[in-house]
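Please consult both while reading the points below.

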Amino acid sequence: MSTKDFVEKDYYKVLGVPKDATDAEVKKAYRKLAREYHPDANKGDAKAEGRFKEISEANDVLGDPKKRKEYDEARALFGSGGFRPGPGGPGGAGGNFNFDLGDLFGGAPGGGQTTGAGGFGGGGGGGLGDVFGGLFNRGGTGTRVQPRRGQDIESEVTLSFTEAVDGATVPLRMSSQAPCKACSGTGDKNGTPRVCPTCVGTGQVSRGTGGGFSLTDPCVDCKGRGLIAQDPCEVCKGSGRAKSSRTMQVRIPAGVSDGQRIRLRGKGSPGERGGPAGDLYVVVHVDAHPVFGRKGDNLTVTVPVTFPEAALGGEVKVPTLGGPPVTLKLPAGTPNGRTMRARGKGAVRKDGTRGDLLVTVEVSVPTGLGTDAQDALEAYRKSTAGEDPRAELFQAAKGA
């Protein structure tokens, strides 16, 4: 029985029973039709002989509970009647799909295109014939071992504050699964593993969920490899994979922040049987800086100023990260805690531009004063004795 028959032929119609017919009803209908169209009762009638063969074929499927379940799932999955071209032929106005069944089930040698591992192709393999072959354990290529993608790896790296802002290339030592060198990744001591009989080399098994849908899970017998070692390798214990250590030079982009997770495609564990490598995920940790901080794409710094500078104004020099200092003009009457901006002196953005340096002013109060300084401050206090900076505070407190 071909997979194509499962999709194209309506066995319920052949026996003249509904889809929800019981096993007894199927058996009764078959016996009635078999007696009517049996060759012994219709000698020389080729049409009756062909009809008898159709009836027997339908009973062979519907009379077997397992085959009937597979048939129902296939019909529900691909629609009643399967992929049939319309009245105008393939691609005609009444057609459902613009291709023929010969290509789908491997009937056209060398036809079609593959779409990668697991994709639907033509005669090149990987088509619906392979899918049904794995589902029903018959038809299709069946024994084709599929490529397998390598595992993803996660690692961590710690950068200095400056490296995180400017970017850096760092060595990263990783341990991951790779093909076992002792058995060349086959898992078999002699390099001759056999195809897993459970999944027929696909590495996956299908299970019905009802309603015509099915799910695929990794095969538990071969652990998704599609192969089983006849004489397991002593190094990898038949898995075909072994731990491998390697050191890579990894480029961390400029402007990375603490806790950021960077994805490097194709830098993970190697794949199996021509499958692609997995990805590498690097979690970045950034050490604190004694002077500078970070606020998004902007850097922050706190700069102490004297009371005369804050009161009278002036120019103050401000350090920058890895560059020459900049000079900011401090307006007269600058309050403590005011933040000013030095543009273009921050962290590197994704587009290559830089954020700003946010400079917060902190008025420095001296702990020791000379005689002249004390006299000057006393004179200042007397000249401003009528001013109470806390008057508005108390007034607001009363109003609340």
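The structure is a predicted model. Its average pLDDT is 78, and 79% of the residues score at least 70.

**Confidence**
- Over residues 80-143, pLDDT stays under 50.
- For this stretch, residues 80-143, the model has 98 contacts beyond four places in sequence.

**Sheet**
- An open sheet is formed by three strands, arranged in the order β1-β9-β8, and its pairing is mixed.
- The edge strands, each of which pairs on one side only, are β1 (153-159) and β8 (261-264).
- On average, neighbouring strands of this sheet are turned by 25° against each other, with direction ignored.
- Strand β9 comprises residues 280-286 and runs parallel to β1, to which seven bridges join it.
- Within this sheet, Thr158 has His285 of β9 as its bridge partner.
- In general, the strands of a sheet pair through backbone hydrogen bonds, in either a parallel or an antiparallel manner.

**Second largest pocket**
- The volume of the second largest pocket is about 350 Å³.
- Its lining consists of 20 residues.
- Those that lie nearest the centre of the pocket are Arg148, Lys223, Arg225, Ser239 and Arg241.
- By residue class, the lining of the second largest pocket divides into eight charged, six polar and six nonpolar residues.

Definitions and conventions
Residues are numbered from 1 along each chain as its sequence is written. This is a predicted model: local features need pLDDT of at least 70, side-chain atom pairs count only at pLDDT 80 or more; totals for chains, interfaces and linings use all residues. Side-chain values use heavy atoms; hydrogens and water are left out. Two strands pair if DSSP finds at least two bridges between them. Helices (H or I, at least four residues) and strands (E, at least two) are DSSP runs, numbered from the N terminus. Axes are lines fitted to C-alpha atoms, for helices over the stretch in contact, and angles run from 0 to 180 degrees between N-to-C directions. On a 1 Å grid over the protein atoms alone, a cavity is a set of points where a 1.4 Å probe fits but cannot get out, and a pocket is an open set with protein on both sides within 12 Å along at least five of seven lines; lining residues have an atom within 4 Å of a point. Grid points are joined across faces, edges and corners, and a volume is the space filled by probe spheres set on the points. Ala, Val, Leu, Ile, Met, Phe, Trp, Tyr, Cys and Pro count as nonpolar, Asp, Glu, Lys and Arg as charged, and the others, Gly among them, as polar. pLDDT is the predictor's confidence in each residue, from 0 to 100. Contact means heavy atoms within 4.5 Å.
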